Amino acid sequence: MRFRTHSSPHMIPAHDVGQLMRRVLYALVPGTLAMTWYFGLGVLVNVLLAVGFAVGFEALMLLARRRPVIPVLGDYSAVVTGWLFALALPPLTPWWVTLVGVGFAIVVAKHLYGGLGYNPFNPAMVGYVVVLLSFPRELILWVPPMGFDDLGFSIGEVTAAIFLGQLPRELTWDMITTATPLDHMKTELAQNRTISEIREHPLFGSFSGHGWEWIANWFLLGGLFLLFMRVISWQIPVAVLGSLAVMAGAFWVIDPDAYASPAFHVFSGASILCAFFIATDPVSASTTPRGRLIYGAGIGILLYVIRTWGNYPDAVAFAVLLMNMAAPTIDHYTQPRAFGQNPPPPRRDNGP
Amino acid sequence: MSDISYREIGANGFWHNNPGIVQLLGLCPLLAISGTVINALGLGLATTLTLVASNVTVSLIRHWVRPEIRIPVFVLIIASVVTAIELAMNAFFHELFLILGIFIPLIVTNCAIIGRAEAFASKQPIPKALADGLAMGLGFTCVLVALGALREAVGHGTLLADAHLMFGDAVRGFSITLIEQYRGFLLALLPPGAFIALGLLIALKNVIDDGLQKRAAARITRPAEAVG
């Protein structure tokens with residue numbers, strides 16, 4: 001009796017894009033819940049709104065491009081894009097900001113370049129940069145994290161703020177919004193305060209911002225889950241956070257009063273979210289092992305440079321987009337040698 | 001090339017060989033100045049005037065200029081024309097001149113102008129060179145104005161704002177506010193918005209061309225079917 005034989009591989013994992021993206025979504029849950037805990041229900045409304053818009057735009061573009069709608073929507077990539085975009089927004093962002101940002105992300109940054117797999121830039125970050133440049137006033141409306149003058153908005157009050165721009169109880173935007181820790185650090189440093197003075201402000205916690213450090217921890221947990229499930233490889237997160245810490249550490253050692261500590265930078269803003277979820281986008285990131293180290297290090301260095309000497313308090317979107325632009329070149333120069341292909345040239349003696 | 005008809009010259013300037021969206025020449029002023037309709041119109045007309053004057057002059061002297069030195073001669077002619085236009089605009093449209101600023105003298109470097117001098121005017125009689133300058137210039141102006149309208153509408157929510165800079169006080173009421181209390185969409189006014197809008201215009205032209213080609217193909221096959 002003869003058995004049919006197959007060549008390797010003999011064990012085929014059932015990986016597909018949909019499964020990969022679903023795992024990313026699971027990993028985003030703890031951090032998102034932590035953010036909702038600290039910043040209120042607006043975070044959840046933003047996520048739902050952005051995901052809804054993203055799926056809607058994706059379906060419209062697929063119809064316009066005469067592609068199958070239902071199978072492609074099943075890959076969940078639009079959901080991931082919308083969700084990541086929403087996490088970058090302040091909790092009470094007006095709905096039309098979300099609409100414009102997600103629209104740019106899906107229509108221009110994704111489908112005009114050819115859809116999933118062809119987009120050179122991270123769609124969520126393109127959308128965020130578009131709204132950040134166009135509506136600077138709406139994107140600084142961060143409410144203070146829980147533990148200050150607790151606003152305790154109900155879901156009705158949150159939706160009224162997001163959809164109608166109306167605040168309850170005769171509050172005004174100036175009364176309920178405050179600077180983020182990174183923002184606060186930047187403006188105070190510009191006034192020649194020392195780090196230790198600035199850190200006494202109640203916005204700051206034990207490493208970075210009050211609340212922000214715990215949100216970062218929960219995103220870190222999700223990121224470690226992604227690493228464990230091999231959805232992402234270790235090179236990019238390690239390189240992003242490592243280079244950010246090295247840069248911050250070098251300046252911190254020189255002058256700890258004028259430059260924030262490495263722990264502050266790693267756990268502030270969106271550093272952790274960037275390292276595990278945004279920079280690791282499989283389409284727009286570098287794909288070779290050595291290339292990923294270079295790509296991640298570039299993001300970490302740009303993050304520190306723009307945060308410290310640039311105009312914006314956080315720089316994840318700019319750093320990621322700049323390195324997206326460099327990714328094809330990095331891949332070109334770091335291609336690993338396939339076994340048996342292009343052996344290194346034998347040494348030749350020039351002597352007689 | 002020598003017996004090109006006026007009809008073809010016009011079609012090339014406005015559509016098939018449009019300097020703005022087909023040749024992609026002179027992108028620097030095209031992208032920098034197309035923030036509003038009036039700015040775009042001002043720069044477009046100045047460029048048209050330059051193209052007509054330089055094309056006619058180049059065509060006039062085409063038999064006397066030795067080929068070895070033709071490029072420096074063309075550059076000198078274009079530079080003198082642009083200087084004259086710059087001074088004239090400073091005198092008659094002073095406010096507009098201040099807004100357009102460096103981009104008026106920079107018309108000298110617009111490759112569309114020396115391109116037409118070299119590729120067309122230096123080989124053609126004067127009337128055709130003049131027609132070509134007019135067609136190319138107005139084609140460029142059309143693209144500039146379309147881009148300006150798109151960016152002004154999206155960016156400011158208005159059209160024809162500050163029309164008095166160009167047409168005098170009589171048209172102050174011409175500016176149209178499309179959306180009341182528009183918050184502005186800054187991206188459309190920034191350089192990336194110019195690139196995106198130009199890309200969309202080029203895409204639109206390609207779609208129209210594709211449609212025309214398909215219709216032409218259908219027209220060719222249908223009589224054949226009728227015969228068969």
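Two residues are in contact if their C-beta atoms, placed from the backbone, lie within 7 Å. The model shown is predicted: local features need pLDDT of at least 70 and side-chain atom pairs pLDDT 80 or more, while totals for chains, interfaces and linings use all residues. Residues are numbered from 1 along each chain as its sequence is written, and chains are lettered from A and ligands numbered from 1 in the order in which they are written.

**View 1. Buried residues of helix 6 of chain B.** Helix 6 spans residues 111-119 of chain B, and its buried residues are B:A112, B:I113, B:R116 and B:A117. Helices are DSSP runs of H or I, at least four residues long, numbered from the N terminus. Buried means that 20 or more other C-beta atoms lie within 10 Å of the residue's own. The four cover an arc of only 135° around the axis, so they sit on the same side of helix 6 of chain B; the arc is taken from the directions from the helix axis to the C-beta atoms. They pack against helix 3 (37-60), helix 4 (70-92) and helix 7 (126-155) of chain B.

**View 2. The largest nonpolar core.** A nonpolar core is a set of buried Ala, Val, Leu, Ile, Met, Phe, Trp, Tyr and Cys residues joined through C-beta atoms within 7 Å. This one has 104 residues, and A:A50, A:W83, A:M125, A:C274, A:I299 and A:V320 touch the most other members. Its largest share, 9 residues, comes from helix 2 (residues 42-64) of chain A.

**View 3. Surroundings of A:V320.** Leaving out residues up to four places away in sequence, A:V320 touches A:N122, A:M125, A:C274, A:I278, A:A279 and A:I299. Another core, of 44 residues, lies apart from the largest one and includes B:I21, B:F120, B:A129 and B:L150.

Key
A residue is buried if 20 or more other C-beta atoms lie within 10 Å of its own, exposed if 12 or fewer, and partly exposed in between; C-beta atoms are placed from the backbone. Helices (H or I, at least four residues) and strands (E, at least two) are DSSP runs, numbered from the N terminus.
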